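Reader: Could you take me through one part of this model closely, the place where the two chains meet? I would enjoy a connected account, with a glance at related contacts elsewhere.

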Amino acid sequence: MESVEKEADREVNREDNQNTGRKDNRDAGSDRKKILITDDSELNRTILINILGDDYDVVEATNGEEAIAILKDQGDTIDLLLLDYVMPKMDGFQVLNEMSRFRWKVDIPVIIISAENDQSFIVKAYELGASDYITRPFNSILVRHRVESIMRLHLNEKKMVDLAVSQITEKHQNNSMMVHILSGIVEFRNGESGRHILNVQTITEMLVREFMRISDQYRFSEEEIVMIPTAAALHDIGKISIPSSILNKPGALTHAEFTVMKAHTTEGYTMLRSIKTYRDKPLIQMASGVCRWHHERFNGKGYPDGLVGDDIPIAAQIVSLADVYDALSSERCYKKAYSHELTMRMILKGECGVFNPLLIECLKNLANVIPERLRDASPERAYKEDIQRIIENTLRSE
Amino acid sequence: MTIREMYEATGADYDDVLARLMGKEELVKRLVLKYDKDPNYDKLKNAISINSYQDAFEAAHTIKGLAANLGFARLYTASAALTEKLRAQAYEDLAPLFEDVCRAQEELLEKIEAVDD
Ligand SMILES: [Fe+2]
C-alpha cells in the first residue's frame with residue numbers, strides 16, 4: 001500500500017515540473033501515455049492505479065473541479081480521462097459539459113466509470129460525449145482493454161481528421177484568406193487593434209454554440225456555425241466608404257458626423273448585395289444582413305432601421321453583442337481599453353443598449369472563459385478548428 | 001484467517017474478485033485491508049444522522065461502487081438499495097435500509113479484522 005501512495009505522490013510531483021510538455025512531442029513514439037483518474041474515493045483510485053499504473057503514467061484528481069483545473073493546466077499532456085460520475089462539488093456529467101465548453105473533448109477521450117447501470121444514464125453519458133462507459137464491478141482486463149482501444153481509436157481518428165484538414169485547408173484556404181485580407185484592410189483603415197475582427201469572430205462563435213446549448217430556438221447547421229463568424233468578419237466593411245477624418249477622429253463625433261458614420265451599415269449591405277454573381281449565396285446573404293443590422297438593438301433603439309426583437313436576424317444580434325464586447329475591452333482612438341470585468345458590468349447594466357436576453361444569458365455563462373479564448377485565438381487556428389469540426393461532424397454522421 | 005476464508009465467511013465469491021483483479025491475491029488483500037480506513041461509511045453515518053441527504057447519497061453510491069469492485073456481496077446489495085431510496089428521495093423509510101448497510105459493514109469489518117497480515 002505504502003508503495004502505491006508514494007508512486008502516486010511522485011507522479012503528482014513529477015507533474016508539477018512538467019507543465020511545459022506539449023502534446024506534439026507526446027506522439028513521438030516511445031512516450032508513455034498519460035491518464036487522468038478522477039474519483040473522489042481514494043480506494044477506487046488505488047484500484048485503477050494498480051490496474052493501469054504499470055503501462056501508463058497516472059495523474060489523480062479527487063473531484064470534478066480538480067479535474068478541470070488539471071486539464072486547464074496540463075491538458076496538453078493528458079491522453080485519456082477516466083471519470084467517476086457521482087462526486088461532490090462537480091459530478092462527471094458536469095465535467096463533460098465543462099470540457100465541451102472549452103472544446104477539450106475533441107482532444108481528450110473520456111471513459112465514464114460508475115456503479116450506475118441504468119440504460120438511460122449510460123445513453124446520457126454517450127450523448128454528452130463520453131467515448132466509453134464502464135460499470136462497476138469492472139474486470140481489470142476489460143478496463144485495460146477499453147483504455148487501450150479508446151486511445152488507439154482516438155489517435156486514428158485524429159490522424160484521419162488531421163489528414164483531411166490539411167487537404168481541405170489547401171483547397172479552401174484562399175477563400176478564407178480573401179475574407180481576412182478584405183476585413184483586415186478595413187480594420188487597418190479604422191485604426192483598430194488588428195485583433196478586432198478576430199475577437200469578434202471568436203466571441204461570435206462562442207455565443208452561437210452557447211446559444212444552441214441553452215435554447216432550442218435556432219438549430220444552426222455546422223456550416224452555418226462556420227458561416228456566422230465569417231460573416232462577422234465583414235460586419236464593418238461598409239466603413240471603407242466613410243472618410244478617415246471621421247473614422248479616426250479621437251474625440252466625440254458631431255451629430256452630422258455620426259449620421260455619416262451610421263451609414264457604414266447600409267453601405268456594407270449595398271456593397272455586398274451589388275455583387276450580382278454572389279448575391280444569392282448564403283454567405284453573402286448572411287453577411288449583408290450582419291453589415292446592415294449589427295447596430296440594431298433588441299428594443300428597437302438601434303440603427304439604421306430600428307428593427308425590434310427577433311425581426312433583427314439572429315446572426316446580426318450575435319455579432320452586435322460580440323462587437324460591443326470587443327469595442328469596450330479594446331483600445332480605440334476615442335477610448336482606453338476597459339477590463340473584462342468592467343466591460344461585462346457595462347453590458348449587463350445596459351449601457352450599450354438592449355440585447356436579446358437569451359444572448360445576455362450566453363455571455364454571462366461564457367464570462368470566465370472569454371478572456372482566455374481571446375488570448376489563445378489566431379486566424380490559422382480558428383480556421384483549422386472550423387474545418388476540423390466540419391470533418392468530425394461528417395465522420396460522425398456517417 | 002486467509003483472504004479467501006474471509007470472503008467465504010461473508011458469503012461472497014472470492015474467485016470472481018480475484019479474476020477481476022488480475023488474479024493477484026496480494027493486490028486483493030492490500031485493497032481489502034485498505035477498505036478498513038475508507039471514510040465513506042463514516043460519512044454516510046454522519047450524513048444520515050443530520051439528514052443531509054445529498055451527502056448521504058454520494059457516500060452510499062461510493063460504497064456501492066467499492067463493494068461492487070471488491071466483491072463485498074452483502075454490503076453491495078444493502079448499499080445499492082439505500083442508494084436507490086436516496087435517489088428517489090423516499091426519506092421516510094430510509095431507516096431499515098440504512099440499518100442493513102450498518103449490519104453488512106460491521107460484519108465485513110469484523111471479518112477483515114480477522115484476516116492475518
Ligand atoms: Fe459597426
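Author: Happy to! A salt bridge here is a side-chain nitrogen of Lys or Arg within 4 Å of a carboxyl oxygen of Asp or Glu. By that rule, two salt bridges cross the interface of chain A and chain B. Please keep in mind that this is a predicted model. One bridge pairs A:E116 with B:R87, and their closest N and O atoms lie 2.8 Å apart. Ten residue pairs are also in polar contact across the interface of chain A and chain B, with both residues at pLDDT 80 or more.

Let us look at the side of chain A that touches chain B. Three helices of chain A, α1 (2-16), α2 (42-52) and α6 (140-189), each supply at least two of its residues. The largest share comes from α2(A), with seven residues. Sorted by class, this side of chain A has eleven nonpolar, eight polar and seven charged residues.

Now for the extent of the interface. In contact terms, 26 residues of chain A meet 24 residues of chain B. The size of an interface is often given as the accessible area lost when the parts come together. For chain A and chain B, the buried area is about 2200 Å², with 58% of it on carbon and sulfur atoms.

Salt bridges can be followed beyond the interface too, as the structure holds 21 of them over all chains. Within chain B, B:D100 and B:R103 form one, with the closest N and O atoms 2.7 Å apart. These residues sit three apart in helix α7 (residues 95-113) of chain B, so about one helical turn separates B:D100 from B:R103. B:D100 is partly exposed at 33% relative accessibility, while B:R103 is exposed, with a relative accessible area of 53%.

Another bridge in chain B links B:R20 to B:D16, where the closest N and O atoms are 3.6 Å apart. Because B:R20 and B:D16 are four residues apart in helix α2 (residues 14-20) of chain B, about one helical turn lies between them. B:R20 is buried, with a relative accessible area of 8%, whereas B:D16 is partly exposed at 36%.

A:K249 itself is partly exposed, at a relative accessible area of 23%.

Notes. Residues numbered from 1 in each chain as written. Chains lettered and ligands numbered in written order. Predicted model: local features only at pLDDT ≥ 70, side-chain atom pairs only at ≥ 80, totals over all residues. Heavy atoms only, no water. Contact = heavy atoms within 4.5 Å. Buried area = accessible area lost by both parts, 1.4 Å probe. Polar contact = N/O pair within 3.5 Å; in protein donor to acceptor, adjacent residues only side chain to side chain. Nonpolar A, V, L, I, M, F, W, Y, C, P; charged D, E, K, R; others polar. Buried < 20%, exposed > 50% of the residue type's maximum accessible area, 1.4 Å probe, protein only.
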